[in-house]
Amino acid sequence: MPVWNPWHGCHKISAGCGQCYVFREDAARGVTTPTTTVRRTSSFRLPLRRDRKGDWKFPSGTHFWLCFTSDMLIEEADEWRDEIWDIIRQRSDCHFTFFTKRIHRMKSCLPHDWGGDGWANVRVGCTVENQDRADFRIPIFLTIPIRHRFIIAAPLLGPLDLTRWLDPALIKEVSVGGESGKYARPLDFDWVKDIRRQCHAADVIFTFHQTGSYLIKDGRTYHIPRPHQHSQAEKAFRT
Ligand code: SF4
């Protein structure tokens with residue numbers, strides 16, 4: 001599944017941004033341009049690329065993951081976003097997923113023909129890292145017409161009570177993850193188990209997509225190297 005980063009750069013908006021990997025990775029590459037300068041990338045029109053025969057480079061059914069080094073709804077990209085909607089409109093044969101910490105901006109960022117239910121090929125994830133951001137963002141999220149909504153509880157920084165919003169007709173999935181990096185804040189496995197319990201009670205799909213760098217389990221803190229964070233999360237509920 002290709003990642004489509006039409007722009008790069010971001011600015012921090014809430015507690016979950018504290019150890020943002022975009023800043024870390026830019027610094028590691030010695031990038032001197034501040035990450036907070038949001039710029040268009042050479043991949044801006046990625047889904048429209050064609051091969052030598054003139055066929056789509058990315059075939060029908062491709063699932064693009066958008067804006068992994070920025071936020072789809074960031075203010076600095078307002079002047080470019082209509083072109084992105086137009087590309088998604090042209091590739092209605094493909095799927096597109098993005099998640100955002102700026103769901104409060106979404107209504108003002110929608111295309112004119114989004115409709116009363118949203119486009120069928122677009123999935124939107126609302127990212128929440130703690131109860132405070134869940135209480136603020138999820139009620140807004142639920143007022144926006146979106147065909148496929150999911151909640152990204154990552155990097156999870158504390159216990160979360162999502163029960164009042166968990167309805168499979170509204171939320172397709174909740175996905176939990178920890179924080180990566182040398183200075184990552186630890187993820188308590190009890191928080192993860194509790195969200196899983198809430199999802200199962202409400203019949204909402206639950207996934208644990210990565211442990212983060214530090215996982216507290218049965219009173220011990222484990223350091224999980226980056227290459228194992230996804231696989232350890234996959235195994236977490238098997239034992
Ligand atoms: S919104 Fe996302 S990309 Fe932007 S600073 Fe926060 S964590 Fe990083």
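## Ligand surroundings

Cys 10, Lys 12, Ile 13, Cys 17, Cys 20, Val 22, Ser 70, Asp 71 and Lys 101 surround the ligand; a residue is near a molecule if its C-beta atom, placed from the backbone, lies within 6 Å of it. This shell comprises 5 nonpolar, 1 polar and 3 charged residues. Here Ala, Val, Leu, Ile, Met, Phe, Trp, Tyr, Cys and Pro count as nonpolar, Asp, Glu, Lys and Arg as charged, and the others, Gly among them, as polar.

The model is predicted: local features need pLDDT of at least 70 and side-chain atom pairs count only at pLDDT 80 or more, whereas totals for chains, interfaces and linings use all residues. Residues are numbered from 1 along each chain as its sequence is written.

## Helix H5

Helices (H or I, at least four residues) and strands (E, at least two) are DSSP runs, numbered from the N terminus. Helix H5 comprises 14 residues (189-202), which at 1.5 Å a residue should span 20 Å; its end C-alpha atoms are 20 Å apart, in agreement. The expected span is 1.5 Å times one less than the number of residues.

Val 192, Ile 195 and Cys 199 are the buried residues of H5. They lie on the same side of H5, because they cover an arc of only 65 degrees around the axis, taken from the directions from the helix axis to the C-beta atoms. Asp 190, Arg 197, His 200 and Ala 201 are exposed on the other side of H5. A residue is buried if 20 or more other C-beta atoms lie within 10 Å of its own, exposed if 12 or fewer, and partly exposed in between, with C-beta atoms placed from the backbone.

The cover over the buried residues of H5 includes strands S7 (148-153), S8 (173-177), S9 (187-188) and S10 (205-210); contact requires C-beta atoms, placed from the backbone, within 7 Å.

## The S9-S11-S12 sheet

In the order S9-S11-S12, 3 strands form an open sheet with mixed pairing; two strands pair if DSSP finds at least two bridges between them. S9 and strand S12 (220-223) are at the edges, each with a single partner strand, so one side of each lacks a neighbour in the sheet.

S9 pairs with strand S11 (residues 214-217) in the parallel sense over 2 bridges, and Leu 187 has Leu 215 in S11 as its bridge partner. S11 and S12 run antiparallel, joined by 4 bridges, and Leu 215 stands opposite Tyr 222 in S12. These two strands form a hairpin with 2 residues between them, and Asp 218 in the turn has a positive phi of about 50 degrees.

How values were computed. Contact = placed C-beta atoms within 7 Å.
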